[in-house]
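Welcome to this short briefing. Have a look at the chains below, and then we can walk through the pocket, the interface, the backbone and the cavities together.

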Amino acid sequence: MIEWQPVILSVKVALMSLVLVSISGISLAYFIKRREFPGKAVIEALLTMPLVLPPVVTGFLLLLLIGKQGPIGRLLSETFHTQIIFTPYAAILAGAVVAFPLMYQSAKAALQGVDATLENAARTLGASNWKVFWTVTIPLSWPGLVAGLILSFSRALGEFGATIMVAGNIPGKTQTLPLAIYFAAESNDLTLAGLYVLIISAITFSAILGLNIWDKSRGGHALTKGWF
Amino acid sequence: MLTIDIRKRLAEFTLDINLSVENNILVLFGPSGCGKTTTLRCIAGLLKPDDGRIVNNDQILFSTEPQTFVPPHRRKVGYMFQEFALFPHMNVKKNIWYGAKQGDPGSELLYKRLLHLLKIEPLSNRSIERLSGGEKQRVALARALMAGPEILLLDEPLSALDGDTRLELQTELKRLQKLWNIPFILVTHDPEEAANLGDKVIFLEKGRQVSRKLPTQRLLKTAGQ
């Protein structure tokens, strides 16, 4: 009998990661687009690092930060008497960190694609920056943002290396789908591993397929815009 | 009355503008790259001059001493962009209503009046991509006036249009200015347009105002003699 818990946990973790990633990715991309400051290139390179670092390295760095002796770990235990290491929250954080560059890059390309004249036109019509953002910038960059959201969700869903470093592999608590696949395969339960592989493939495939169909119906190139 | 006395360093020259506009049409005329659009952007608050002041009927919009900078959305300065800058994700009606006070009976009346004046009643539900150049121009004008501007800036408003539409809209612009009775500042590099529309024409050359007569005025004079 297949255990559904890793599937449910994975989807929950990926969705929560998506919330973190969409807020931070879009707002940082918006900020970087509008401001010039010294060290901007360095900051941009740092923001993209989790995309090119081996996930296990990202996980190790996260472990240093949120581990019991890490600065964030200590802050959490001293102020809130709690820890997130080896909890589902750490899995959410790991998913968010590895998926962040995908959202950030997509958002940056999408926001840069918005004609600045349209934003200026809105300003001269009396719209505050906030109103311009929600009524002009976001609707016009929506296709690129949706592409970023779907890529990030799929990336967070499949995260293994960073997740196992900070959330561990506690069945029923922090065991996500990729971890469940690895440990099922390791204990020679190939049927279970195969079933999980089918499930995770179906989820990510539908997400990407849905995006492609939607993109094609609009005649756009949301998925590749600004990337190639 | 709007008074402008500003300087701004640009890559090739320093923009130095000192002028005032009553409730009529002022034309800024000059070759491309002479600082016409930069002047409009400074008045609208989309660019910050290096120093000087911009005052509209006692309200300081920009000044270096004391330091004041009213952001574009609080200036009540309408701006018609060269390519009209209509929002492609909204239909005609939504574009026109963008800067209006929602739910105000006055706005509803103004909307109907603008549609009528600009002859765009049948377009209200149309999408922007299905408009001709002249129609876009009218919609952009209606949108700018719907926001209740105290000044209207027009950047090459007729350059994207063909001959007949251009003449028709020249007449309409003049009529609208008379009806609204606010300063219109219009930028163009077309001497004929400058002569037809401007109650006052200012020449710009490398960011400076120069005193010179319009080529067409000279030609007309020669022809008449």
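In this predicted model, the largest pocket has a lining of 24 residues, and B:K76, B:G99, B:K101, B:A147 and B:G148 are the ones nearest its centre. Its volume is about 370 Å³. Local features need pLDDT of at least 70 and side-chain atom pairs count only at pLDDT 80 or more, while totals for chains, interfaces and linings use all residues. Residues are numbered from 1 along each chain as its sequence is written, chains are lettered from A and ligands numbered from 1 in the order in which they are written, and side-chain values use heavy atoms, with hydrogens and water left out.

**The pocket**

- A pocket here is an open set of points on a 1 Å grid over the protein atoms alone, with protein on both sides within 12 Å along at least five of seven lines; lining residues have an atom within 4 Å of a point.
- Volume is the space filled by probe spheres set on the points, which are joined across faces, edges and corners.
- Both β7 and α3 (105–117) of chain B give at least two residues to the lining of the largest pocket, and α3(B) has the largest share with three residues.
- Helices (H or I, at least four residues) and strands (E, at least two) are DSSP runs, numbered from the N terminus.
- By class, the lining of the largest pocket holds ten nonpolar, eight polar and six charged residues; Ala, Val, Leu, Ile, Met, Phe, Trp, Tyr, Cys and Pro count as nonpolar, Asp, Glu, Lys and Arg as charged, and the others, Gly among them, as polar.

**Where the chains meet**

- Chain B brings 19 residues and chain A 17 residues to the contact, which means heavy atoms within 4.5 Å.
- About 1,500 Å² is buried between chain B and chain A, with 71% of it on carbon and sulfur atoms; buried area is the accessible area (1.4 Å probe) that two parts lose on being put together, summed over both.
- On the side of chain B, 41% of the area buried against chain A comes from B:H73, B:H89 and B:Y98, more than from any other three residues.
- The elements of chain B that give two or more residues to the side touching chain A are α1 (36–44), β7 (77–80) and α4 (133–146).
- That side of chain B has 14 nonpolar, three polar and two charged residues.
- There are zero salt bridges between chain B and chain A, counting a side-chain nitrogen of Lys or Arg within 4 Å of a carboxyl oxygen of Asp or Glu.

**Backbone details in chain B**

- B:E65 and B:P66 are joined by a cis peptide bond with omega of about -5°, and B:P66 sits in the loop between β5 (59–64) and β6 (67–69) of chain B.
- B:K119, in the loop between α3 and α4 of chain B, has a positive phi of about 55° although it is not a glycine.
- B:K206 is another residue other than glycine with a positive phi, near 45°, and lies in the loop between β10 (200–205) and β11 (208–210) of chain B.

**Chain A and the cavities**

- Chain A has ten helices and zero strands, and its C-alpha atoms fill a box of roughly 65 × 45 × 25 Å along the principal axes.
- There are four cavities of 30 Å³ or more, a cavity being a set of points where a 1.4 Å probe fits but cannot get out.
- The largest cavity holds about 60 Å³ of space, and its lining includes A:S10, A:V13 and A:E159.
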